Amino acid sequence: MNTKVAIITGASSGMGAATAKLLAQHDMKIMLAARREDRLQQLQDEIRSAGGEASYKVTDVTSRTDVEALADETITTYGQIDIMINNAGIMPLSFFRNLKVDEWERMIDVNIKGVLYGMAAVYKHMEERNEGHIINFSSIAGHIIFPSSSIYSATKHAVRVLTEGMRTELGAKQNIRTTLISPGAVETELYDTITDNSIYPALEKLGSQEWNQLDPNDIANTILFAIQQPTNVTINELIVRPTSQSL
């Protein structure tokens with residue numbers, strides 16, 4: 001079996017970092033991508049010290065040029081791209097009435113455009129090889145809407161639509177698998193992007209404080225499960241919640 005090569009955006013922390021370490025442990029070559037070079041360097045060193053193979057490229061997913069350069073660098077370094085994991089995302093929840101328009105625009109740029117740029121950057125390579133696997137991240141917020149989630153939910157619903165649309169185009173004709181992962185509550189740095197402190201009482205009313213959040217490794221294991229399916233099988237969509245999460 002040929003060694004697979006995976007690109008992971010948002011790899012500097014949380015689910016991205018956990019996934020990078022797990023896939024490297026399963027003999028995959030990893031190209032790490034994020035904006036924080038110190039974190040990428042540390043993760044690369046950690047993977048290599050454990051016997052894995054990893055490189056990194058500082059990447060802003062809101063830059064089409066950056067993401068195209070990431071794909072090119074991966075092919076130069078490892079010769080191929082088998083898996084594209086569009087994990088980078090932000091979640092600055094806020095009430096609509098507070099009109100945090102700059103944050104809305106940033107979410108659209110990262111959560112929607114960043115995914116599109118990632119898909120576009122690897123498509124031609126996968127088309128030429130007639131194989132590949134694109135894994136995109138939505139969220140439980142892409143399936144439900146709650147107070148303060150309207151813009152974030154819209155971006156994550158968009159990712160669901162894009163992924164399903166690409167499935168209908170790429171699967172049968174070009175043998176490119178697409179998988180959508182929709183996590184529930186996960187212990188990550190996503191919450192650090194929230195600047196609207198007025199949302200927390202509303203979240204408490206929804207019962208969010210009672211949820212035992214998933215560990216990023218739980219999501220990493222989900223991704224590995226999807227990747228390890230035989231080539232004639234595609235896990236198209238998975239929702240992964242804590243057992244105690246009611247929403």
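The following dialogue examines how terms are applied to a predicted model.

Tutor: The model is predicted, so local features need pLDDT of at least 70 and side-chain atom pairs count only at pLDDT 80 or more, while totals for chains, interfaces and linings use all residues. Residues are numbered from 1 along each chain as its sequence is written, and side-chain values use heavy atoms, with hydrogens and water left out.

Student: Why is Asp 196 called buried?

Tutor: Buried means under 20% relative accessible area, exposed over 50%, and partly exposed in between, with a 1.4 Å probe and protein chains only. Asp 196 has a relative accessible area of 5%, and therefore counts as buried.

Student: Which residues is Asp 196 in contact with, leaving aside its neighbours within four places in sequence?

Tutor: Contact means heavy atoms within 4.5 Å. On that basis, Asp 196 touches Leu 93, Ser 94, Phe 95, Asn 98 and Lys 100. Ser 94 is 102 residues apart from Asp 196 along the chain, yet their C-alpha atoms are separated by 5.4 Å.

Student: What makes the aromatic pair of Phe 96 and Trp 104 stacked?

Tutor: Rings of Phe, Tyr and Trp (its six-membered ring) pair if their centres lie within 6.5 Å; planes under 30 degrees apart count as stacked, over 60 as edge-to-face and the rest as tilted. A search of the whole structure finds one aromatic pair. Its members, Phe 96 and Trp 104, lie 5.0 Å apart centre to centre with 20° between the planes, and the pair is stacked.

Student: Are Phe 96 and Trp 104 buried or exposed?

Tutor: Phe 96 has 52% relative accessibility and so counts as exposed. Trp 104 has a relative accessible area of 14% and is therefore buried.

Student: How do you know that the charged end of Arg 97 sits over the ring of Phe 95?

Tutor: A charge sits over a ring if NZ of Lys or CZ of Arg is within 6 Å of the ring centre and within 35 degrees of the ring normal. The charged end of Arg 97 is 4.3 Å from the centre of the Phe 95 ring and is listed as sitting over that ring.

Student: What is the order of the strands in the open sheet?

Tutor: Strands are DSSP runs (E, at least two residues), numbered from the N terminus, and two strands pair if DSSP finds at least two bridges between them. Seven strands form the sheet in the order 3-2-1-4-5-6-7, with parallel pairing. Strand 3 (53–58) and strand 7 (237–240) each have a single partner strand, so both stand at the edges. Strand 6 and strand 7 pair over four bridges.
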